[in-house]
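Look at the structure first, then read the points below.

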Amino acid sequence: MPDSASPPYTRAQASARVPPPVTLAQDGPLDYLLSGALWALGVSWLVPMMSLQMLGHRSVGPERMQWLERLYARGQLALTGSRWRAVVDPAIDPARPYLFFQNHVNHLDHCTMYAATPHFKQGVELEEHFKYPVYGAFMRSRGTVPVKRGTMRDFLQLRDSVAAELARGRSMLVFPEGTRTLTGHLGELQSGVFRIAQELEAPIVPVTVTGMYRVMRKGSLLIRPGHDVTVYCDAPIETRGTGRRELRGLIEQVRSVMNARLDAYWQSSAPG
């Protein structure tokens, strides 16, 4: 999945103290051969599965295609040679729409989280990403929200689109960093989507994915199999009654939850 839309009108951003990049083992010739085989398997799964989903979107609607979308997501991850599991806080209500704020790692982020909860999750993508073959058509058929960067008008359009999705009972899957990590740690969280959450009084679920940085990361298309991928969906954070004065605190609250998960993962998997 390409870098997600960086939420517009985000000049007031939370400062991020990002640790040094995680040091991982060097890749060898065998890794490249194995990765090529996994890419071939992955594409052979992705194209027909997305094509079937698009047919379903047009004939019966996206909501009734959830079983196939979850099957696609789980299958796409399995074809990376990864072991997947989800840890979901019991406070998350399956019938309530949320803004799921997930750390942004690689092209498969939409797959890692999608099957973790039963919610229909609508995505947010930069407008230019809709030009990509297959993936762009899939997003259009599903109703993914397109967004431009940078102006108050774009911010208002995004807010109204999110409001419409929530009113339909749909949740939103958002990557508040706006770009994939280069370090394995959480980057700067941009304030635009947090302001939208406040204005719409929508609860935020911090979602932290561990293990995927080992599988595939920005700057390299290699798929590295044999890793455990865990999706943590932590307790919802309410935004009702919060305003501009509480914005920074809200961002830091989400950041602290996600950082705690990532820090614990890297500490537990450190050599020795």
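Lys-121 lies over the face of Phe-100, at 5.6 Å from the centre of the ring. The model is a predicted one. In a second case of a charge over a ring, the charged end of Arg-217 sits 5.5 Å from the ring centre of Tyr-213.

**Aromatic pairs**

- A search of the whole structure finds four aromatic pairs.
- Tyr-98 and Phe-100 form an edge-to-face pair, because their planes are at 65°, where over 60 degrees counts as edge-to-face; their ring centres are 5.9 Å apart.
- Tyr-98 and Phe-100 are both buried.
- Tyr-213 and Trp-266 also form an edge-to-face pair, with 6.1 Å from centre to centre and 90° between the planes.
- This pair links distant parts of the chain: Tyr-213 belongs to helix α7 (residues 212-215) and Trp-266 to helix α8 (residues 247-268), and the two are 53 residues apart.
- Tyr-213 and Trp-266 are both buried.
- Together with Tyr-265, Tyr-213 and Trp-266 make up one aromatic cluster.

- Strand β5 (residues 171-174) is covered on both faces.
- Ser-171 and Leu-173 are buried on one side of β5, and Met-172 and Val-174 are buried on the other.
- Strand β2 (residues 99-102) pairs with β5 in the parallel sense over three bridges, and Phe-101 stands opposite Val-174 in β5.
- Strand β3 (residues 121-126) pairs with β5 in the parallel sense, also over three bridges, and Gln-122 stands opposite Met-172 in β5.

Notes: Residues numbered from 1 in each chain as written. Predicted model: local features only at pLDDT ≥ 70, side-chain atom pairs only at ≥ 80, totals over all residues. Heavy atoms only, no water. Buried < 20%, exposed > 50% of the residue type's maximum accessible area, 1.4 Å probe, protein only. Helix = DSSP H or I, 4+ residues; strand = E, 2+ residues; numbered from the N terminus. Pairing = 2+ DSSP bridges. Phe/Tyr/Trp six-rings, centres within 6.5 Å; stacked < 30°, edge-to-face > 60°. Lys NZ or Arg CZ within 6 Å of the ring centre and 35° of its normal.
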